[in-house]
Amino acid sequence: MQPWVYIVLVGVAAILYALLLPARVKEGKANQQSLKDTEAALELYMADIERENEELVQLVSSIKQQSQTNHNVLQGQVDELQSQVVELQNSSLKLEARVAEEEKSLKELAVSVEQGSKVKVGVNEDPSLPAEMSSVSPDVKAKPISSIKLRYPRLFELHEQGKSIDSIAKTAGLQRGEVQLILQLAKQEESV
């Protein structure tokens with residue numbers, strides 16, 4: 001082959017190379033642009049995720065704070081109820097002590113009435129005393145007067161009217177348990 005053919009072939013190769021070079025550069029630029037677009041989209045996505053995570057953290061912390069507040073309120077109510085139970089138990093014990101004391105005094109009164117009636121019967125056998133006093137028989141027992149009914153007349157009046165224990169407690173200014181206890185004690189006194 002002749003040297004000029006070589007020169008032409010080298011020239012044609014150089015021209016083809018020069019034509020293909022801008023296409024490669026355009027492809028590289030297009031690849032770089034799509035890579036930049038992808039990076040920008042990923043950055044936006046990450047920013048959205050971080051913002052949503054911060055919102056979730058704030059929401060969880062507010063829920064935790066609200067549940068802690070609710071817990072504290074409920075604990076306060078439980079403590080208050082426990083103190084009320086202790087107060088009710090103390091008042092119940094006091095009432096039971098008062099009832100026991102009243103029962104004791106009623107028994108003493110009954111004993112003294114029995115002894116007094118025996119003494120009167122012995123004295124009434126004296127012929128100089130009036131006939132009315134001598135007619136007292138030792139078999140008749142004086143029925144003890146219910147001291148509980150004397151202490152709480154309004155309570156028993158409401159009870160006889162058929163009022164409920166709750167309404168009696170509200171009207172009399174007592175606790176429900178106290179009203180029940182007083183009514184039970186009155187029944188016990190009546191049965192004695």
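The following questions and answers concern a predicted model of one chain.

Visitor: What does the secondary structure of the chain come to?
Guide: Read along the sequence, the pattern is α-α-α-α-α-α. The count is therefore of helices and strands as DSSP runs, and it comes to 6 helices and 0 strands.

Visitor: How many Å apart are the end C-alpha atoms of helix α6, and what span should its residues give?
Guide: Helix α6 covers residues 176–191, which is 16 residues. At 1.5 Å a residue they should span 22 Å. The computed distance agrees with this, as the end C-alpha atoms are 23 Å apart.

Visitor: Which residues of α6 are buried?
Guide: Buried here means under 20% relative accessible area. In α6 they are E178, V179, L181, I182, L183, L185, A186 and E189.

Visitor: Which element gives the most to the lining of the largest cavity?
Guide: A search of the whole structure finds 1 cavity of 30 Å³ or more, and about 100 Å³ of space lies in the largest cavity. Its lining consists of L95, R98, V99, E102, I148, R151, Y152, L181, I182 and L185. The elements giving two or more residues to this lining are α1 (3–124), α3 (147–151) and α6. The most, 4 residues, comes from α1.

Visitor: How many residues of the lining of the largest cavity are charged?
Guide: The lining includes R98, E102 and R151, and Arg and Glu count as charged. The lining divides into 7 nonpolar and no polar residues, with the charged ones numbering 3.

Definitions and conventions. Residues numbered from 1 in each chain as written. Predicted model: local features only at pLDDT ≥ 70, side-chain atom pairs only at ≥ 80, totals over all residues. Heavy atoms only, no water. Expected span 1.5 Å × (residues − 1). Buried < 20%, exposed > 50% of the residue type's maximum accessible area, 1.4 Å probe, protein only. 1 Å grid on protein atoms, 1.4 Å probe; cavity = no way out; pocket = protein on both sides within 12 Å on 5 of 7 lines; lining within 4 Å. Points joined across faces, edges and corners; volume = space filled by probe spheres on them.
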